[in-house]
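This briefing is for a reader meeting the structure below for the first time.

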Amino acid sequence: MTARRSGAADLALFLFGGARVDLSAARAALQEMRENRCFYCGSAMKQDPHVDHFIPWSRYPRDLAQNFVLAHNACNLDKGDMLTAPAHLAHWVKRNRELGDDLAARLSPAGFLDDQPAALQVARWAYGQAEATSAQLWVSLKYSVNADRRCVEILGG
Ligand SMILES: [Zn+2]
């Protein structure tokens, strides 16, 4: 028997989600790739950054490589379970277009899922919901805006 995870296990994880796991491998890979700046505010991070689920864990409880970004603890905690404003979304789409495959290649050995199409599909669904309900989108510390059509357009919807 090999220790390799079966396709069935991957499918179960994809369908039903997993428990939160240690994200230190994700942090290390992102630090190698992204230098050490907060994804959201762009400032340098002196302390250990948080690994943020760009599409919040509460909406998509799976550790998809393409959904990880590094952020200040303060930025990440303030963002909480919110989706982000169009500028952050555009930044995330661009990051994944340019680096999503590289990120996934670094994270797959640590057991993280590689599924760029799923990341986009989940984002389209989540931002479609946000637009429909005029949800608040996180911009920066203590600042948010109402969702509008722009996010769906960024996602090609
Ligand atoms: Zn920040």
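**Contacts and layout**

In this predicted model, alanine 65 is in contact with Leu103, Ala104, Leu107, Phe112, Leu113 and Asp114, leaving aside its neighbours within four places in sequence.

Nonpolar core
- The largest nonpolar core has 33 residues, and those that touch the most other members are Ala26, Cys38, Ala65, Val69, Leu70, Ala71 and Leu107.
- At least two residues of this core come from each of α2 (24-34), β2 (68-71), α4 (86-107), α5 (116-132) and β3 (136-140).
- The largest share, five residues, is supplied by α4.

Overall layout
- The protein contains six helices and four strands.
- Along the sequence their pattern is α-α-β-β-α-α-α-β-β-α.
- Of the protein's 157 residues, 31% count as buried.
- Among contacts with a separation of 6 or more, 71% are between residues 24 or more positions apart.

Residues with positive phi
- Most residues other than glycine have a negative phi.
- Serine 134 has a positive phi, near 50°, and lies in the loop between α5 and β3.
- With 10 other C-beta atoms within 10 Å, serine 134 is exposed.
- Lysine 142 also has a positive phi, near 65°, and its place is in the loop between β3 and β4 (143-146).
- Lysine 142 is exposed because 7 other C-beta atoms lie within 10 Å, and the cut-off for exposed is 12 or fewer.

Methods:
Residues numbered from 1 in each chain as written. Predicted model: local features only at pLDDT ≥ 70, side-chain atom pairs only at ≥ 80, totals over all residues. Core = buried A, V, L, I, M, F, W, Y, C linked by C-beta atoms within 7 Å. Buried ≥ 20, exposed ≤ 12 C-beta atoms within 10 Å, placed from the backbone. Contact = placed C-beta atoms within 7 Å.
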